[in-house]
Amino acid sequence: MRRYLISGNWKMNTTRATAVELAKALVSGAAAATDQVDVLIFPPAPYLIPVQDAVAGSAIQVGGQNAYFAAPGAFTGEVALDMLQDIGCESVLVGHSERRHVFGETDELINQKVKAGLEKGFQVVLCVGELIEERQAQQTEAVLDRQMAGGLAGVSAEQMASIVIAYEPVWAIGTGHTASPEQAESAHAHLRSWLTSHYNAQVAEATRILYGGSVKASNAAELLGQPNVDGALVGGASLKAADFLPIIEAGVNAAG
Ligand code: PGA
């Protein structure tokens, strides 16, 4: 049985004060939910420590939105995986569409980050997803195949136990145009069959595949009710406890 994972990607939002306030609201609102589902938040790097302090003693997990694969050294502006580890982060987001399309990250760089994260013992949430023009050109599955093969190159079946896949169609991110439950399920089923053919049935069965892209309280239940959707990666609606807590609750209901 795959345990649902409801995650919140805060992107480049919040202040120190609002980040801590949001984290505290999640602790009080999601205490019971974390018995049944995993809850993981990705605050901006400068607020990781105060947010960790705010969730201390709860089951809410805190991860990094990005990290560089190299050991600490002369990489101005980057955050090392070692640094995330040093402050107690156990998860890292890799290959988010904004990293790919705004900052030009390639599958090759993403693969280096995935492998370095795994070597250090992180849970790596690897994001994949097609652009609107790729979907319109019937290229969705080809794009997903390429991103999976590129991102997971050299990753063993054993290491797959620490990988979570997030399917995030780029056209659905921050646009309000959520994928329909059918579109999400079809992509997730495709990703799971990719895992079967490139690894094996056990890996495919055990790997969690999250959906991301305009997830809201109003559509979460239907998306999470799809057989191959194992959680959500939520952007905009993770920035307010009143929006995010009902999505966690939808995960609890889907799990029950
Ligand atoms: P959104 O973002 O929920 O605001 O569409 C999702 C994401 O980018 O992870």
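Student: Is Gln138 buried, partly exposed or exposed?

Tutor: This is a predicted model, in which local features need pLDDT of at least 70, side-chain atom pairs count only at pLDDT 80 or more, and totals for chains, interfaces and linings use all residues. Residues are numbered from 1 along each chain as its sequence is written, and side-chain values use heavy atoms, with hydrogens and water left out. Buried means under 20% relative accessible area, exposed over 50%, and partly exposed in between (1.4 Å probe, protein chains only). Because the relative accessible area of Gln138 is 68%, the residue is exposed.

Student: Where is Gln138 found, and what is its phi near?

Tutor: Helices (H or I, at least four residues) and strands (E, at least two) are DSSP runs, numbered from the N terminus. Gln138 is found in the loop between helix 6 (132-136) and helix 7 (140-151). Most residues other than glycine have a negative phi. Gln138, a residue other than glycine, has a positive phi, near 60°.

Student: What is the phi of Thr14, and in which loop does Thr14 lie?

Tutor: Thr14 is not a glycine, yet its phi is positive, at about 85°. With a relative accessible area of 25%, Thr14 is partly exposed. Its place is the loop between strand 1 (5-9) and helix 1 (16-30).

Student: With which side chain does the side chain of Arg208 make a polar contact?

Tutor: Arg208 is in strand 7 (residues 208-212) and is buried, its relative accessible area being 11%. A polar contact is a pair of N or O atoms within 3.5 Å; within protein, one must be able to donate a hydrogen and the other to accept it, and residues adjacent in sequence count only if both atoms are side-chain atoms. At 3.1 Å, the partner of the Arg208 side chain is the side chain of Gln123.

Student: What separation is found between the C-alpha atoms of Val114 and Val94?

Tutor: Val114 belongs to helix 5 (residues 107-119) and is buried, at 0% relative accessibility. Val114 and Val94 are 20 residues apart in sequence. In space, their C-alpha to C-alpha separation is 6.8 Å.

Student: Which residues come nearest to the ligand?

Tutor: A residue is near a molecule if one of its heavy atoms lies within 4 Å of it. There are 13 residues around the ligand. Those that come nearest are Lys11, His96, Glu168, Gly174 and Ser214.

Student: How much of the area that the ligand exposes when taken alone does the protein bury?

Tutor: A backbone N or O atom of Ser214 lies 2.7 Å from an oxygen atom of the ligand, and one of Gly235 lies 2.8 Å from a ligand oxygen atom. Taken alone, the ligand exposes 280 Å² (Shrake-Rupley method, 1.4 Å probe). The share of this area that the protein buries is 95%.

Student: At what distance from a ligand oxygen atom does a polar side-chain atom of Asn9 lie?

Tutor: For Asn9, the atom concerned is a polar one of the side chain, and its counterpart is an oxygen atom of the ligand. The distance is 3.5 Å.
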